[in-house]
Structure formats: structure tokens, C-alpha cells
Amino acid sequence: MRAREHANPLAGVLANDENTAGSPARFGIVKNEAQYHRHFVAACLEEGVPFRVVDLASPRWLDEVEGSGCEVLLVWPDAVLSVRNRMIKDRVELLERELGYAVVPSSREIWMYEDKVRTADWLRAHQIPHPRTWVFHGREEALDFAGSCELPVVVKTSFGAAATGVWVVRSRRKTKALTRSAFKRGLLAGGSDPADRQWGRLLFQQYLPDVIEWRMVRIGDSYFGHPKGRVGEFHSGSGKVEWDAPPVSHLDLLHEVCELGGFRTMDVDLFETPDGQLLVNELQAVFGASVAIDQSRVDGEAGRYVRLGPSQWRFEAGDFA
């Protein structure tokens, strides 16, 4: 975290009162220990709108927010420490629901951020097609499943970004070992703090070979989509991007999921199976763009998709990302 702060040229920029854009509101930017809030700081400086950086981890966090004079909060939840992730979600929800602050993304949109169990439950509740998923909170039930499930199987911790905390397991012995660890010492996602073990529950997911993973994004009335590249077993965190245009069916499913959830800011990652079935794998309100800012390109030109009506879409070239 210290290295990230040192590498952030905007780490010391905590406020700006210039309002060359004539904004009717001051923005509160929630501090992120991994420095992802720097993107909001850069955007506010570029747009010329006033802002304050607020720290929800402070013992005086509520006084700090209420004393900032901010009406809108810009939030990138934590993807490094699970306890900080929960803290930001809890306090943002209280500020939005109980005190009436506007929040972007909303507490509803960040509710599933880096929480695979919440995501699986939400998808099942809304009967949205997704890979078969089993979540266990009891050791004996989990071990029974580990001893009889079809292999290979995907084992996941609930918290963990960029394919950390994900194992594609091909042996019964390894499956049982991971299960025992989950209910004893806990499982540790790669690159995590050694103290941040995830204990007391475990998620298994159907292994789907030869799928294409699509990143499908809605931001306001702009829609985007492109296939993720693959390195080894994983698409997430691969650092590779492909630029095939998303079919209408993919855009339709993105729109359907966002309308069901009331989402205006959401990345919906889709699996496309070899027989053309579409399955929702993850939903993340914020996400990395390590290769390119663009989220859609057609014939090498960046742009967005606009919905004209049921199964009717138009591509508009331009810098919408």
C-alpha cells in the first residue's frame, strides 16, 4: 500500500475548490488504500469540478463526510482487504440509504463487488443463467460434495480480484484438501495479506472448458463489449484484450441483467459456451482496464452501442470511455 501511494502522483491532492465547470455540487471522493480513487481525482481536476477526498476508515468518518460539504460520493470499493471492502460497502450504504447522499456507483451496484457468494445468490434469485454453483457453510456437507463432485471443478474464495482465490482442481485429493483448509485455517487468495484468510464457507463452480469470456459494460445509456483474452486457465487478470463486436444476444442479456438490478454502472462478464449458450460469470461495478481504456472497437475504431429498442442496437464511433 505504501508503494502504491508513493507511485500515485495525486496522492497528496485531497481537495480542490475551483469550479470552472459550474457544477451545482461538490464531489466527495472516497479514499481507496490501493489508490484507485486517483482516477476520480484526475477526472474532477480535468473536468474542473470541486471535490474533497474523504476517508471512511477514519474514526471521525461521519463528521468528515458531513463537514466536507459534498453532495455526491464517488466510490471505488477495496479489492485488497476483505475487511476494508465490507467497511466501505456498509458505510456507503448507510450514507446513501439513511442520510440521502447520492453515490456513484450506488450501494446497490457495489453490493456484489468482489463477493462471489453474493453474486451467485443474486443470479440464482433472479433465475439468470450462470455456471452451476454450490456454496457451502458447513464442513461436512462441503466434504461430501468434494468427495463426489464431477472433476475438474472450480474452487473459489468469495473475495479476490483478477482470478486470485480461484483454483481449477483436477484431483479428488486436492479438492478435499482445499475444502478442509477452508473450514480449518481458511483459504488465502494469491497476493493477499496473510491475515486475510477466508474461513467458514466455500464456493464450487462448474468447470466449463473452451468458453469465450466477454466483458459487457453498461455506463448510463452507453453499452460496450469485447472478448477477454485468455492466459492458461483464466480470462480475468490475463492482461489480454480482443476486439470482436458483441452479438445482439450479448447486448440484450447485458441490458436485461442491468434492468433487473436497476444498474446504471456495471460490468457483466459473460461466458459463451461452444454451443452458443450465454452464462453470467461475474458482476463488478468497477473494474480494471489495463490494456486499453476503450471497451468496444469496430474495425479498429473505438465507440459505444446505443439501444434503439428490443434487439435493436446502433454502434456510435467516438471516445465514450
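**Entry 1: the second largest pocket**

I began with the elements around the second largest pocket: α4 (82-97), α6 (116-125) and β9 (202-206) each supply at least two residues of its lining. Helices here are DSSP runs of H or I with at least four residues, strands are runs of E with at least two, and both are numbered from the N terminus. The model is a predicted one, so I kept local features to pLDDT of at least 70 and side-chain atom pairs to pLDDT 80 or more, while totals for chains, interfaces and linings use all residues. Residues are numbered from 1 along each chain as its sequence is written, and side-chain values use heavy atoms, with hydrogens and water left out.

Which helix gives the most to this lining? I found α4, with five residues. The pocket's volume is about 310 Å³. It has 21 lining residues, and the closest to its centre are Arg86, Ser158, Phe159, Gln198 and Arg201. I sorted the lining by class and got ten charged, six nonpolar and five polar residues. For the classes, Ala, Val, Leu, Ile, Met, Phe, Trp, Tyr, Cys and Pro count as nonpolar, Asp, Glu, Lys and Arg as charged, and the others, Gly among them, as polar.

My grid rules: on a 1 Å grid over the protein atoms alone, a pocket is an open set of points with protein on both sides within 12 Å along at least five of seven lines, a cavity is a set where a 1.4 Å probe fits but cannot get out, and lining residues have an atom within 4 Å of a point. Points are joined across faces, edges and corners, and a volume is the space filled by probe spheres set on them.

**Entry 2: the cavities**

I next counted cavities of 30 Å³ or more and got two. Of its 17 lining residues, Lys116, Thr119, Ala120, Gln205 and Asn281 are the closest to the centre. The largest share, five residues, comes from β13. By class, the lining divides into seven nonpolar, six polar and four charged residues.

The second largest cavity holds about 30 Å³ of space. I listed its lining as Lys31, Glu33, Asp55, Leu56, Ala57, Arg84, Met87 and Ile88. These divide into four nonpolar, four charged and no polar residues.

**Entry 3: a sheet**

I traced an open sheet of five strands in the order β1-β3-β2-β4-β5, with mixed pairing. Where are its edges? They are β1 (15-16) and β5 (102-104), each with a single partner strand, so one side of each has no neighbour in the sheet. I took two strands as paired if DSSP finds at least two bridges between them. Strands β2 (27-30) and β4 (72-74) pair in the parallel sense over three bridges, and Ile29 stands opposite Leu74 in β4.

**Entry 4: helix α9**

I checked the length of α9 (residues 248-261): its 14 residues should span 20 Å at 1.5 Å a residue, and its end C-alpha atoms are 20 Å apart, which agrees. The expected span is 1.5 Å times one less than the number of residues. Buried residues in α9 include His250, Leu251, Leu254 and Cys258; buried means under 20% relative accessible area, exposed over 50%, and partly exposed in between (1.4 Å probe, protein chains only). After α9 comes Gly262, with a positive phi near 70 degrees.

**Entry 5: salt bridges**

I counted 18 salt bridges, each a side-chain nitrogen of Lys or Arg within 4 Å of a carboxyl oxygen of Asp or Glu. Arg118 and Asp115 form one of them (3.6 Å, N to O). Arg118 is partly exposed at 27% relative accessibility, and Asp115 is buried at 12%.

Arg218 bridges to Asp221 (3.9 Å, N to O) and to Glu259 (2.7 Å, N to O). The Arg218-Glu259 pair links distant parts of the chain, strand β10 (residues 212-219) and helix α9, 41 residues apart. Shared partners join Arg218, Asp221, Glu259 and Arg264 into one network. Is Arg218 buried or exposed? I noted it as buried, with a relative accessible area of 4%, while Glu259 is partly exposed at 46%.
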